[in-house]
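The following exercises concern the fold and the contacts of a two-chain model. Each task is followed by a solution in steps.

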Amino acid sequence: MNETVPLTERPAPAPAKPRLTTSAMIASLAAEGQRTRPAPFGHALAKLAQNRLEIVGLTADLAKYTDLHIFAQAFPDRFYQMGMAEQLLMSAAAGMAREGFLPFATTYAVFAARRAYDFICMQIAEANLPVKIVCGLPGLTSGYGPSHQATEDLAIFRGLPNMVIVDPCDVVDIEGAVPAIADHPGPVYMRLLRGSVPVVLDEYEYRFVLGRAALLCDGADVLIISSGFMTMRALEAAKALRADRIDAAVLHSPTIKPLDEAAILREAARPGRLVVVAENHSVIGGLGEAVASLLMRSGVHPVFRQIGLPDEFLAAGALPTLHDRYGISTSAIVAQVKEWLA
Amino acid sequence: MTDAARSNTSLAERAYRIRRNALRMGEVQGQGYVGQALGVADMLAVAYFHALRYRAADPAWDGRDRFLLSVGHYAIALYAALIEAGIIPEDELESYGSDDSRLPMSGMTGHTPGVEISGGSLGQGLGVAVGMCLGLKRKASDAFVYNLLSDGELNEGSTWEAAMSAAHWRLDNLIALVDVNNQQADGASSGVLGFEPLAARWEAFGWHAQRVDGNDIPALVAAFNTARSLDEPKPRVLICDTLMGRGVPFLETRDKAHFIRVDADEWTKALHALDAGRTA
């Protein structure tokens, strides 16, 4: 019931907490003070295109939001603005590839995976054409809610024959992946981190090789297999877990399909370790289930856990809030691993 | 056209032979989209024996005009034309729709010489054509890209995305062919989803549109000539009204559906009826 409280007796307002607002499409995943570089995909593509004259760039009204504008500025006559029409974007990219060009087609992951799927399937994948589909806002990297959160993109594309899938972690990964996927003779779907992208993997003597996973740090208690920016989080979690005398290994698997089965089996078969897959994707159909089925098929049966997004349509809001809520922040990884090892 | 010998045979005779090839393939399977094939045979005769530039012995020749069949179920018609053009050997006709045949019932990429794309998931061909036209312009090629669509396929919104884009990019090397037979899976196309006024719609999208009787060879020749020689920086469309079953009178008048029913004993009768109407 509403009881009237005299003004003078009302408690003083609590000190204002910083209000986290909805994370925009340009939200960066970089922590404060973290090293970053701007638009690594756009710069890497523009650099590669200097010598690869067959490269063309196409987008569906999202050049600025997928960093393709860097390429467009460098090579305006090789840039094709297809308008807000993703089905056309993919069909036209297929047509360009049929004429001998190497198209990089960009949009958001939701629009490629959901709206343009049949066009990618029939005109790109079935024909095994070298179209490189590079998509912003993979998984939970936007606070705009389900319309922009591609929480099931990997599940959708994993089922597609011929499609290679790449989920890079940082600038180092993106700069290595762009020439590597250009050299691959078939279609590729690459998840994009855009804007101010963290630089992380240069500290790990790492270089991107298509189809290869890399052990970034070793540890005896838990193996975290991860892709995308979750590898950055896994590395942070490994450092934090060390303070609790938990020894964590991190196996970065930026190629989701084909999986580096040998590396995953080699690491997962080491006795005495909890195996955790951490991914910026629904727990259904992504890296976690890919690894689980590999382990089952191969008779490797460690204690296995998944860190990923729940099978739900997710909320809108600020990314730090959402990453905590859905269990993919660094602190959430640490907490889950500690609980599983307790 | 690059093979001079082709011109010694009339287009009507070509159309007759395309129809005959299609009926023979239908007979092999005991089924097939022969109604559509009979309907578009005149369009294909004019396309392959008057308009298109290609080399029968080298179907992937880079200087060829591209012919994209987005209506995959019309593959029987396209195979019939490709056989007549000498791109597919005639004896392969017997394999139509059989296991491991190069002539699957719905046209598939990589299976058949002269079949450029996988059709069948309707509304995709025109978008691929836009990309090929952009690519050909980058290569400074003077080749044309043809895309055979159907009236039912115009239900697909992606066709109109592509139509808008083709005009935006001033693709004067793109020629769309719309087969208007007014039949689709659930009935008359005009009843499933009204599409008229068709020429005005394409014109509103920035295209040069012509509407012709798709079973009138001289009219088709004139329309193809206009489309190829037009001096306007626009994509071009030929809207072709056709009659399903054309050339076989008892099929022309049969109740129309997506499929025209042909009973087992009627294939031979159909071939005889076609032969009886041969005009060459």
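A residue is buried if 20 or more other C-beta atoms lie within 10 Å of its own, the C-beta atoms being placed from the backbone. The model is predicted.

**Exercise 1. A strand of chain A**

Determine how the residues of strand β10 of chain A are oriented and whether they are buried or exposed.

Solution. 
Step 1. In a regular strand, side chains alternate between the two faces of the sheet.
Step 2. In β10(A), Val222(A), Ile224(A) and Ser226(A) point one way, while Leu223(A) and Ile225(A) point the other way.
Step 3. Residues on both sides of β10(A) are buried by the criterion given above.
Step 4. The count for strand β10 (residues 222-226) of chain A is five buried residues of five, so the strand is largely enclosed by the rest of the structure.
Step 5. Strand β11 (residues 248-252) of chain A pairs with β10(A) in the parallel sense, over five bridges. Within this pairing, Ile225(A) has Leu251(A) of β11(A) as its bridge partner.

**Exercise 2. The build of chain A**

Describe the secondary structure of chain A and its division into domains.

Solution. 
Step 1. Chain A contains 12 helices and 14 strands.
Step 2. For 342 residues the globule rule gives 20 Å, and the radius of gyration of chain A is 21 Å, close to that value; chain A is therefore as compact as a globular protein of that length.
Step 3. The C-alpha trace of chain A spans about 75 × 60 × 35 Å along its principal axes. Of the 342 residues in chain A, 53% are buried.
Step 4. Among the contacts in chain A with a separation of 6 or more, 78% join residues 24 or more positions apart.
Step 5. Chain A is divided into domain 1 (36-198) and domain 2 (211-341). The C-alpha centres of these two domains of chain A lie 25 Å apart.
Step 6. Domain 1 of chain A gives 25 residues to the contact, and domain 2 of chain A gives 30 residues.
Step 7. On the side of domain 1 of chain A that touches domain 2 of chain A, α6 (153-158) and β6 (164-166) of chain A each supply at least two residues. That side has 14 nonpolar, five polar and six charged residues.

**Exercise 3. The sheet of chain B**

In what order are the five strands of the open sheet of chain B arranged?

Solution. 
Step 1. Chain B has 10 helices and five strands.
Step 2. The radius of gyration of chain B is 17 Å, close to the 19 Å given by the globule rule for 280 residues, so chain B is as compact as a globular protein of that length.
Step 3. The five strands form an open sheet with parallel pairing, in the order β1-β2-β3-β5-β4 (chain B).
Step 4. The edge strands of chain B are β1 (66-69) and β4 (208-213), each of which pairs on one side only. From one strand to the next, the twist averages 20°.
Step 5. Between β2(B) and strand β3 (residues 174-180) of chain B there are six bridges in the parallel sense. Leu148(B) has Leu177(B) in β3(B) as its bridge partner.
Step 6. Helix α2 (residues 34-51) of chain B lies across β1, β2, β3 and β5 (236-241) of chain B and runs at about 160° to β3(B).

Conventions
Residues are numbered from 1 along each chain as its sequence is written. Chains are lettered from A and ligands numbered from 1 in the order in which they are written. This is a predicted model: local features need pLDDT of at least 70, side-chain atom pairs count only at pLDDT 80 or more; totals for chains, interfaces and linings use all residues. Helices (H or I, at least four residues) and strands (E, at least two) are DSSP runs, numbered from the N terminus. The radius of gyration is taken over C-alpha atoms; the globule rule is 2.2 Å times the number of residues to the power 0.38. A residue is buried if 20 or more other C-beta atoms lie within 10 Å of its own, exposed if 12 or fewer, and partly exposed in between; C-beta atoms are placed from the backbone. Two residues are in contact if their C-beta atoms, placed from the backbone, lie within 7 Å. Two strands pair if DSSP finds at least two bridges between them. Axes are lines fitted to C-alpha atoms, for helices over the stretch in contact, and angles run from 0 to 180 degrees between N-to-C directions. Domain bounds come from an automatic or database domain assignment. Ala, Val, Leu, Ile, Met, Phe, Trp, Tyr, Cys and Pro count as nonpolar, Asp, Glu, Lys and Arg as charged, and the others, Gly among them, as polar.
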